[in-house]
Amino acid sequence: METVGGEGGLESELSSEAAYEFLSDRRRRYALHYLKQRQEPVSVRELAEQVAAWENEKEIDQLASQERKRVYISLYQSHLPTMDKQGIVSYDPDDGTVTLAESLSSADIYLEVVPKEDIPWNVYYLGLAAADGLLLALARFEVAPFDLVPDLAWGGIVLVTFAASAFVQTYLNRRMRFGDEGPPPELR
């Protein structure tokens with residue numbers, strides 16, 4: 001797999017290891033989210049203000065000077081140079097601007113955020129398949145009252161349960177992408 005960044009310059013794809021390392025830091029995730037939203041060069045100050053607002057769950061105009069400064073310094077000294085070296089952003093410390101790397105500007109980078117009370121989709125689909133399989137078995141062996149519904153109707157019920165589930169999953173996953181409107185996915 002080709003990677004982004006390194007001595008050879010910008011290449012086509014971020015390696016899994018580099019992506020996990022990059023995405024492991026909340027501040028970098030927030031920066032990526034904002035840069036994907038803007039799709040244009042932004043000042044480090046503007047980026048720091050938005051990241052600080054999300055971190056502190058405040059509006060930008062409600063931020064304390066220290067909250068802004070703490071984020072600005074960490075972006076300026078650590079995160080942005082690292083992201084630039086990895087080829088994720090193009091960072092110009094002299095101009096104080098940062099731009100999402102061209103190779104990532106249209107990339108579909110997202111995380112599935114699973115709240116504590118939810119179950120992952122793969123477990124949900126396994127459960128749905130087991131429940132639908134049980135229903136079909138009960139209908140096949142003519143267990144009352146399942147024998148009252150025609151076989152074709154049971155097939156339709158199974159199809160509808162999977163189609164409805166896929167629709168809901170697609171809708172929810174679209175709300176969990178980096179660069180969509182609003183705050184980063186983990187704050188929703």
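1. Phe146 is partly exposed, because its relative accessible area is 23% and the class lies between buried (under 20%) and exposed (over 50%), using a 1.4 Å probe and protein chains only. Trp154 counts as buried, at 8% relative accessibility.

2. This is a predicted model: local features need pLDDT of at least 70, side-chain atom pairs count only at pLDDT 80 or more, and totals for chains, interfaces and linings use all residues. Residues are numbered from 1 along each chain as its sequence is written, and side-chain values use heavy atoms, with hydrogens and water left out.

3. Confidence comes next. The protein averages a pLDDT of 84, where pLDDT is the predictor's confidence in each residue, from 0 to 100. Of the residues, 82% score at least 70. Residues 1–12 fall below 50. Beyond near neighbours in sequence, that stretch has 31 contacts in the model (heavy atoms within 4.5 Å).

4. Now the aromatic rings. Rings of Phe, Tyr and Trp (its six-membered ring) pair if their centres lie within 6.5 Å; planes under 30 degrees apart are stacked, over 60 edge-to-face, the rest tilted. The count by this rule is 8 aromatic pairs. Trp121 and Tyr125 are a tilted pair, because their planes stand at 35 degrees, with centres 5.9 Å apart. Both residues sit in helix α6 (residues 121–140), 4 residues apart, about one turn of the helix. Phe146 and Trp154 form a tilted pair, with 5.9 Å centre to centre and 45 degrees between the planes. Ring pairs also link Trp121, Tyr124, Tyr125 and Phe162 into a cluster.

5. The sheet is open, with 3 strands in the order β1-β3-β2 and antiparallel pairing. Helices (H or I, at least four residues) and strands (E, at least two) are DSSP runs, numbered from the N terminus; two strands pair if DSSP finds at least two bridges between them. β1 (42–43) and β2 are the edge strands, each pairing on one side only. Helix α4 (residues 65–85) packs on the sheet and touches β2 and β3. Its direction makes about 130 degrees with that of β2 (axes are lines fitted to C-alpha atoms, for helices over the stretch in contact; angles run from 0 to 180 degrees between N-to-C directions).

6. β2 and β3 (residues 97–100) run antiparallel, joined by 4 bridges. Val89 has Leu100 as its bridge partner in β3, and Tyr91 stands opposite Val98. The hairpin has 4 residues between the strands, and Gly96 takes a positive phi near 70 degrees there.
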